[in-house]
Amino acid sequence: MGAVVIFCTVPNKDEAKKISKALLNENLAACCSTVDKVSSMFSWNGEICNENELLLIIKTRQELFDKIEAVIKAFHSYNVPEIIALPVIQGSKDYLGWIEHETDV
């Protein structure tokens with residue numbers, strides 16, 4: 001199956017909800033969890049920035065990454081949003097089966 005977890009930081013709860021609903025409505029993700037109050041320090045245009053953000057943790061399948069990236073970019077307000085996928089190397093067979101079932105597009 002190739003389960004992955006995608007991380008995507010967003011500036012606010014409204015944007016997190018819009019992206020999450022779009023992914024779930026299209027069966028591109030089984031679950032989108034939102035972690036509130038993430039402090040991000042990063043380099044942007046030669047300056048060091050420190051922003052308060054939220055983190056979306058998206059549970060899905062690797063082969064859906066390109067479609068998920070397109071949906072995120074359509075709703076995201078950042079010029080270069082964080083969209084990174086990490087492989088799930090092991091997990092509960094029941095949970096991984098649920099991800100596969102929910103993302104059967």
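Leaving aside its neighbours within four places in sequence, with which residues is Asn-52 in contact? Asn-52 is in contact with Pro-11, Val-38 and Ser-39, where contact means heavy atoms within 4.5 Å. The structure is a predicted model, in which local features need pLDDT of at least 70 and side-chain atom pairs count only at pLDDT 80 or more, while totals for chains, interfaces and linings use all residues. Residues are numbered from 1 along each chain as its sequence is written, and side-chain values use heavy atoms, with hydrogens and water left out.

**Asn-52**
- Asn-52 is located in strand β3 (residues 47-61); helices (H or I, at least four residues) and strands (E, at least two) are DSSP runs, numbered from the N terminus.
- With a relative accessible area of 63%, Asn-52 is exposed (buried means under 20% relative accessible area, exposed over 50%, partly exposed in between; 1.4 Å probe, protein chains only).
- Asn-52 and Asn-12 are separated by 40 residues in sequence and by 8.9 Å in space, C-alpha to C-alpha.

**Salt bridges**
- The whole structure contains four salt bridges, each defined as a side-chain nitrogen of Lys or Arg within 4 Å of a carboxyl oxygen of Asp or Glu.
- One of them joins Lys-13 and Asp-36, with the closest N and O atoms 3.8 Å apart.
- This pair links distant parts of the chain, 23 residues apart: Lys-13 belongs to helix α1 and Asp-36 to strand β2 (residues 31-44).
- Lys-13 is exposed because its relative accessible area is 51%, whereas Asp-36, at 38%, is partly exposed.
- Lys-18 and Asp-14 form a salt bridge at 3.3 Å, N to O; both lie in helix α1, four residues apart, about one turn of the helix.
- Glu-63 and Arg-61 form a salt bridge at 2.5 Å, N to O; Glu-63 is partly exposed at 49% relative accessible area, and Arg-61 counts as buried at 11%.

**Glu-15**
- Glu-15, in helix α1 (residues 13-25), is buried yet has no salt bridge, and the nearest side chain of opposite charge, Lys-18, is 7.0 Å away (Lys and Arg count as positive and Asp and Glu as negative; His and the chain ends are not counted).
- Leaving aside neighbours within four places in sequence, Glu-15 is in contact with Val-10, Phe-75, His-76 and Ser-77.

**Tyr-95**
- Tyr-95 lies in helix α3 (residues 93-102) and counts as partly exposed at 36% relative accessibility.
- Leaving aside neighbours within four places in sequence, Tyr-95 is in contact with Cys-31 and Lys-59.
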